[in-house]
Amino acid sequence: MNLLEYLKQYADVLCDEPLAKHTTFRIGGTCDYFVYPKTVLSFMRIMQLLKEQEVPFQIFGKGSNLLCSDDAYHGVVVCLDRYLNNFYFEEDGTLVAEAGCSIILLAQEAMRHSFSGLEFASGIPGTLGGTVSMNAGAYEKEMKDIVNSVRILTQEGEITEISNAEMAFGYRTSAVLKNNWIVLGATLQLQQDDPVEIQARIDDFTHRRRTRQPLEYASAGSTFKRPEGFFAAKLIDDAGMKGYSVGDAQVSEKHAGFVVNKGKASAEDVLVLMSRIQAAVKEKFGVDLKPEVRIIGE
């Protein structure tokens, strides 16, 4: 049985699929197979085969923190958001959810159930798995503040539950990234609150995001991590790079922390622009900017 036939047993499969269709940057070449596993067990079988046959693979959620190469990706992209997206709430505010759940949807559902704690994430266009892995945050809150435990698939193919402490959360990182684990789900601890007040906070964050961030253009969110003691956007602005372009890739004129795709930007455009931003900030301030966006096939 060839690889395609095997994959079709366990997943919906798209062949020669443009990754630009699956990333918020709207950038990326084709991949050999883009697959949606139908169950956790199906996902495990797929992962087992890919490792046994040494087939390159990437795990996708909503594609919101990714820059994919313009070149074809000769491997398998495994996307969890179509089927691995079940969740439920318990009476004490515990939220149990699978990795493919939209974090925006979970924030809205939490509000409907009168549970607070996810408002900060109500505008993050990612999945639970991605936000937990990178300890995503906004408005002085991070996923580490609400995670109780995380269910992971280890490199050895074992499923285990690890605690908040074992996740070793840091700024935009966690033990998941350090150990190349895969998040299958998580348990979050939320708090009872008035849904009207929860919605008001969500509306406030939404207003701030719309007025300050370049949501009218495709992007991968914040391009660089915040250097200790500085703000990346201010460094980039003060280095004179706001509005600077390479092809259709531009440092946003609204928020210098974002590189946006003004229409037909290539990954090469973005990478050249990022390197020029880094060089300008390093020359003027002596600060090394590290990418927050995950680069695939650089």
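Colleague: Which residue caps the N-terminal end of H3?
Modeller: Serine 102 does, with a side-chain oxygen 3.3 Å from the backbone nitrogen of isoleucine 104. For a polar contact, an N or O pair has to be within 3.5 Å; within protein, one atom must be able to donate a hydrogen and the other to accept it, and residues adjacent in sequence count only if both atoms are side-chain atoms.

Colleague: Before I go on, what sort of model is this?
Modeller: A predicted one: local features need pLDDT of at least 70 and side-chain atom pairs pLDDT 80 or more, while totals for chains, interfaces and linings use all residues. Numbering starts from 1 along each chain as its sequence is written, and side-chain values use heavy atoms, without hydrogens or water.

Colleague: OK, back to H3. Which of its residues are buried?
Modeller: H3 covers residues 103-112, and Ile103, Leu106, Ala107, Glu109, Ala110 and Met111 are buried. Buried is under 20% relative accessible area, exposed is over 50%, and partly exposed is in between, with a 1.4 Å probe and protein chains only. Helices are DSSP runs of H or I with at least four residues, strands are E runs of at least two, and both are numbered from the N terminus.

Colleague: And what covers them?
Modeller: The cover includes E6, strand E7 (94-98), strand E8 (115-116), helix H4 (128-133) and helix H6 (195-212). After H3 comes serine 114, with a positive phi near 65°.

Colleague: New topic: the open sheet. What's the strand order?
Modeller: E1-E2-E5-E3, four strands with mixed pairing. E1 (11-18) and E3 (57-60) are the edge strands with a single partner each, so one side of each has no neighbour in the sheet. From one strand to the next, the twist averages 25°. Strands pair if DSSP finds at least two bridges between them.

Colleague: How do E2 and E5 run, parallel or antiparallel?
Modeller: Parallel, with four bridges between E2 (residues 30-37) and E5 (residues 73-79). Phenylalanine 34 has valine 77 in E5 as its bridge partner. Helix H1 (residues 3-10) packs on this sheet, touching E1, E2 and E5, and its direction makes about 130° with that of E1. Axes are lines fitted to C-alpha atoms, for helices over the stretch in contact (heavy atoms within 4.5 Å); angles run from 0 to 180 degrees between N-to-C directions.

Colleague: Where does leucine 84 sit?
Modeller: In the loop between E5 and strand E6 (87-89), and leucine 84 is buried at 4% relative accessible area. Beyond four places in sequence, its contacts include Pro37, Phe43 and Cys101.

Colleague: Last one: which way do the residues of E18 point?
Modeller: In E18 (residues 258-261), Phe258 and Val260 point one way, Val259 and Asn261 the other, and all are buried. E18 runs antiparallel to E15 (residues 218-222), with three bridges, one partner pair being serine 219 and valine 260. A hairpin of six residues joins E17 to E18.
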